[in-house]
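Try each task before you read its solution.

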Amino acid sequence: SILINCYCHLGHMGFAFSVLGMVLKRGYQLNAITLTTIMKGLCINGEVRKALEFHDSVVAQGFLLDEVTYGTLINGLCKIGLTREAFELLHKMEGQVVRPNVVIYNMIVDGLCKDGLVTEARDLYSDVVGRGIDPDVFTYTCLIHGFCGLGQWREVTRLLCDMVDRNVNLNVYTYNILIDALCKKGMLG
């Protein structure tokens, strides 16, 4: 797995797959870590579609993957602007044994906000809360950034109050977003 990871980070996916073939030839069992490493390598080398195809073939062979694998794929999709497809993968994931965690939801919330789909991101946030998953400072920061960009101060205030109610502390990124947005609106006080 370490060697595969090295080749992936060097951009030598052919070598990574060769090592994967050697692993199989020698009779070793593949695990989610090795398979995720390959998928992450494909994603970071700009081959997200191939990573999804590899995922589909691995699942069809009966391999069980974990939330790290799905997070890797969802992150790859969001980074290239395919947030809707990431959202579809999330729905597939929800139908399986693997349950999404706050990190996976955050990736999609962030992707939706960056795509200007802040209302959809807020709806996903509401779903997350409804499922009993506690949003974290990153969830709120993404949403606050999105609503600040739209000038929807009521939503920003509502999110800040929710953070206080849930005992989620603002971090330097959240403060910077708020200060930047307020300054741009001429609200220096």
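**Exercise 1. Find the residues that are linked with Arg158 in a network of salt bridges.**

Solution. This is a predicted model.
- Step 1: the network links Arg122, Asp123, Glu155 and Arg158.
- Step 2: take the pair of arginine 158 and glutamate 155; their closest N and O atoms are 3.0 Å apart.
- Step 3: both sit in helix H10 (residues 153-165), three residues apart, so about one helical turn separates them.
- Step 4: check burial. Glutamate 155 has a relative accessible area of 11%. Buried means under 20%, so glutamate 155 is buried.

**Exercise 2. Aspartate 180 forms a salt bridge with lysine 184. Is lysine 184 buried or exposed?**

Solution. 
- Step 1: the closest N and O atoms of this pair are 3.1 Å apart.
- Step 2: lysine 184 has a relative accessible area of 67%. The cut-off for exposed is over 50%, so lysine 184 is exposed.
- Step 3: aspartate 180, at 38%, is partly exposed.

**Exercise 3. How are helices H7 and H9 oriented to each other?**

Solution. 
- Step 1: H7 (residues 102-114) and H9 (residues 137-150) pack at about 10°, with axes 9 Å apart.
- Step 2: angles under 35 degrees count as roughly parallel. H7 and H9 are therefore roughly parallel.
- Step 3: list the contact. H7 brings Val102, Asn106, Val109, Asp110 and Cys113; H9 brings Phe138, Thr139, Cys142 and Leu143.
- Step 4: sort by class. The contact has six nonpolar, two polar and one charged residues.

Note on methods: Residues are numbered from 1 along each chain as its sequence is written. This is a predicted model: local features need pLDDT of at least 70, side-chain atom pairs count only at pLDDT 80 or more; totals for chains, interfaces and linings use all residues. Side-chain values use heavy atoms; hydrogens and water are left out. Axes are lines fitted to C-alpha atoms, for helices over the stretch in contact, and angles run from 0 to 180 degrees between N-to-C directions. Helices (H or I, at least four residues) and strands (E, at least two) are DSSP runs, numbered from the N terminus. Angles under 35 degrees count as roughly parallel, over 145 as roughly antiparallel, 65 to 115 as roughly perpendicular and the rest as oblique. Contact means heavy atoms within 4.5 Å. Ala, Val, Leu, Ile, Met, Phe, Trp, Tyr, Cys and Pro count as nonpolar, Asp, Glu, Lys and Arg as charged, and the others, Gly among them, as polar. A salt bridge is a side-chain nitrogen of Lys or Arg within 4 Å of a carboxyl oxygen of Asp or Glu. Buried means under 20% relative accessible area, exposed over 50%, partly exposed in between (1.4 Å probe, protein chains only).
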